Amino acid sequence: MRTPDFSNVQSGSSSTAPSESSSTNGSRSYVVVKGDSLSAIAKREYGDAKEWRRIYDANRDIIKDPDLIYPGQTLRLP
């Protein structure tokens, strides 16, 4: 029996959220999942839930109320 070779496997994020992608301007994108809030995303991404306004300000064109974000929305993370 051969032993599987995992030497080329790279570790990933511990987040259960969908992966983020980089854009050319240095910001990333994030797809909202059920249960997310701006403060929860800010805590995970910046280490401080109070930084939620950074995300809101970068996405004012698609977020009308910072208390209402929806699964499937793609947000810019500055």
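**View 1. Leucine 68 is partly exposed in this predicted model.** Its relative accessible area is 43%. Buried means under 20% relative accessible area, exposed over 50%, and partly exposed in between (1.4 Å probe, protein chains only). Leucine 68 sits in the loop between helix H2 (52-58) and strand S3 (74-77). Helices (H or I, at least four residues) and strands (E, at least two) are DSSP runs, numbered from the N terminus. Aspartate 36 is 32 residues away from leucine 68 along the chain, and their C-alpha atoms are 9.8 Å apart.

**View 2. Asparagine 59 is buried.** Its relative accessible area is 0%. Asparagine 59 belongs to the loop between H2 and S3. Leaving aside residues up to four places away in sequence, asparagine 59 touches Thr74, Leu75 and Arg76 (contact: heavy atoms within 4.5 Å). The asparagine 59 side chain also reaches the backbone nitrogen of arginine 76, at 2.8 Å.

View 3. The score here is pLDDT, the predictor's confidence in each residue, from 0 to 100. The chain averages 82, and 67% of the residues score at least 70. Where pLDDT is low, the predicted coordinates should not be read in detail.

**Notes.** Residues are numbered from 1 along each chain as its sequence is written, and side-chain values use heavy atoms, without hydrogens or water. In this predicted model, local features need pLDDT of at least 70 and side-chain atom pairs count only at pLDDT 80 or more, while totals for chains, interfaces and linings use all residues.

How values were computed. Polar contact = N/O pair within 3.5 Å; in protein donor to acceptor, adjacent residues only side chain to side chain.
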